[in-house]
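Biologist: Hello! Could you show me the model, so that we can go through it together?

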Amino acid sequence: MFDTILESARNGNEQALMRLYDICSKAAFNASYNIVSDRDDAEEIMQDAVMTAFSLLGSFEGTETSFIAWVKKIAVNKSIDRYRRESRMPLRVDVEEFKESEFVKYDDDELYSVEQIKKAIEALPDGYRMVITLHLLEELEYEEIANMLGINESSVRSQYARGIAKLKSELRVKG
């Protein structure tokens, strides 16, 4: 069925294009929102990502699942580009700036609501939030995140570990 929709969309069928939009828009919006943390910006980025995907439909080969992943990846890249353009803070974090002993590991058996976790993630510093979002929510590997962000893999791992420690700390304080 997806192949039929895809072929019709390639031929300019508006209903097929709307069906493709319905298939991928929510995932692209969520991926973008998790990075930019602004609904209007995420909506704009999602629209741009979908339009980019539509313009490249001729070169797409794959399943519905891989189509969704492809559009999400476009949205993630566009979100990172937006972040870089508009951010006053550099994305890079100096790994040497922190000492490992400054971070506490918790054996956390507490349960938190999805809303508590979302709020705690949104409150994280941008670098931590982005790495956690890309790794946990978008399920990207550290190497891929490093390539996307233009930093080395050890920095990504370090930011992730520190971000998780800070996230746990925030949840304990506000939980």
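Biologist: Which helix gives the largest share of the lining of the largest pocket?

Modeller: This is a predicted model, where local features need pLDDT of at least 70, side-chain atom pairs count only at pLDDT 80 or more, and totals for chains, interfaces and linings use all residues. Residues are numbered from 1 along each chain as its sequence is written, and side-chain values use heavy atoms, leaving out hydrogens and water. A pocket here is an open set of points on a 1 Å grid over the protein atoms alone, where a 1.4 Å probe fits, with protein on both sides within 12 Å along at least five of seven lines; lining residues have an atom within 4 Å of a point. α2, α5 (114-122) and α6 (126-137) each give two or more residues to this lining, and the largest share, seven residues, comes from α5.

Biologist: Which residues lie nearest the centre of that pocket?

Modeller: The pocket holds about 360 Å³ of space, a volume being the space filled by probe spheres set on the points. Its lining divides into six nonpolar, four polar and six charged residues (Ala, Val, Leu, Ile, Met, Phe, Trp, Tyr, Cys and Pro count as nonpolar, Asp, Glu, Lys and Arg as charged, the others, Gly among them, as polar). Of the 16 lining residues, those nearest the centre are Y33, N34, K118, E122 and L137.

Biologist: How are α2 and α3 oriented to each other?

Modeller: Helices are DSSP runs (H or I, at least four residues), numbered from the N terminus. Helix α2 (residues 14-36) and helix α3 (residues 39-55) pack with their axes 8 Å apart, at an angle of about 135 degrees (axes are lines fitted to C-alpha atoms over the stretch in contact, and angles run from 0 to 180 degrees between N-to-C directions). Angles under 35 degrees count as roughly parallel, over 145 as roughly antiparallel, 65 to 115 as roughly perpendicular and the rest as oblique. α2 and α3 are therefore oblique.

Biologist: Which residues of α7 make the contact with α4?

Modeller: The axes of helix α4 (residues 64-86) and helix α7 (residues 142-149) come within 10 Å and cross at roughly 45 degrees, which makes the two helices oblique. Contact means heavy atoms within 4.5 Å. On α4 the contact is made by K73, V76, N77, I80 and R84, and on α7 by E144, M148 and L149.

Biologist: How many nonpolar residues are in the contact of α2 with α4?

Modeller: The axes of α2 and α4 come within 8 Å and cross at roughly 35 degrees. Among the residues in contact are L20, I23 and C24 of α2 and F67, I68 and V71 of α4. By class, this contact has two polar residues, three charged and, to answer you, 14 nonpolar.
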